[in-house]
Amino acid sequence: MVEYFETIILFGAGDKTMRLYGKNSVLERIRTNPQTIKRIFIQDEHPDAGYIRQKAKRWSIPIVCVPKTKLLKIGGLYHTTQGIVVDVEDFRYAAYDEIL
């Protein structure tokens, strides 16, 4: 069985903060590249809250517990947040010559 999920990055409403949302995308970022996470917004009583808190504490990432209605405003009303949104660092771009 193939599990499908997509990484979705959006800019916060009214600001230029990059946000990543969706359970699998966020858990993967926490596991593989946690130093790029600035802040975690998590829905009250999220099933993965214990794991997320443990990792956030290890990397000194602030966690904000919010009700579902607030999370919908943070993530955007037209996107499924799956109960978790994180602010992440902007992408780092490199010149073509630097890559070679």
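**Exercise 1. Locating a residue**

In which loop is the place of Gln-82? Find its backbone angle and exposure as well.

*Solution.* Start with the ground rules. This is a predicted model, in which local features need pLDDT of at least 70, side-chain atom pairs count only at pLDDT 80 or more, and totals for chains, interfaces and linings use all residues. Numbering runs from 1 along each chain as its sequence is written, and side-chain values use heavy atoms, with hydrogens and water left out.

Step 1. Gln-82 sits in the loop between helix 3 (68–75) and strand 5. Helices (H or I, at least four residues) and strands (E, at least two) are DSSP runs, numbered from the N terminus.

Step 2. Phi of Gln-82 is near 55°, a positive value in a residue other than glycine.

Step 3. Gln-82 is partly exposed, at a relative accessible area of 47%. Buried means under 20% relative accessible area, exposed over 50%, and partly exposed in between (1.4 Å probe, protein chains only).

**Exercise 2. Another positive phi**

*Solution.* Step 1. Ser-60 belongs to the loop between helix 2 and strand 4 (63–66).

Step 1. Its phi is near 55°, again positive in a residue other than glycine.

Step 2. Ser-60 is exposed, with a relative accessible area of 64%.

**Exercise 3. The overall layout**

Write down the order of helices and strands, then check the confidence.

*Solution.* Step 1. Count the elements: the protein has four helices and five strands.

Step 1. Along the sequence they follow β-β-α-β-α-β-α-β-α.

Step 2. Read the pLDDT, the predictor's confidence in each residue, from 0 to 100. The mean for the protein is 78, and 79% of its residues reach 70 or more.

Step 3. Compare elements. Strand 1 (residues 8–11) has the lowest confidence, at a mean of 42, and strand 3 the highest, at 92. Over residues 1–14 pLDDT stays under 50. Where pLDDT is low, the predicted coordinates should not be read in detail.

**Exercise 4. A helix pair**

Describe how helix 1 packs with helix 2.

*Solution.* Step 1. Helix 1 (residues 23–32) and helix 2 (residues 49–58) pack at about 35°, with their axes 10 Å apart. Axes are lines fitted to C-alpha atoms, for helices over the stretch in contact, and angles run from 0 to 180 degrees between N-to-C directions.

Step 1. Leu-27, Ile-30 and Arg-31 of helix 1 meet Tyr-51, Ile-52 and Lys-55 of helix 2. Contact means heavy atoms within 4.5 Å.

**Exercise 5. The cores**

Find the residues that touch the most other members of the largest nonpolar core.

*Solution.* Step 1. Define the term: a nonpolar core is a set of buried Ala, Val, Leu, Ile, Met, Phe, Trp, Tyr and Cys residues joined through side-chain atoms within 4.5 Å.

Step 1. The largest core has 15 residues, and Val-26, Ile-30, Ile-37, Ile-40, Ile-52, Val-86 and Val-88 touch the most other members.

Step 2. At least two residues of this core come from each of strand 2 (18–21), helix 1, strand 3 (37–43), helix 2 and strand 5 (84–88).

Step 3. Follow one member. Not counting residues up to four places away in sequence, Ile-52 touches Leu-27, Ile-30, Ile-40, Ile-42, Ile-63 and Ile-84.

Step 4. A second, separate core has six residues, including Phe-41, Val-66, Leu-71 and Ile-74.
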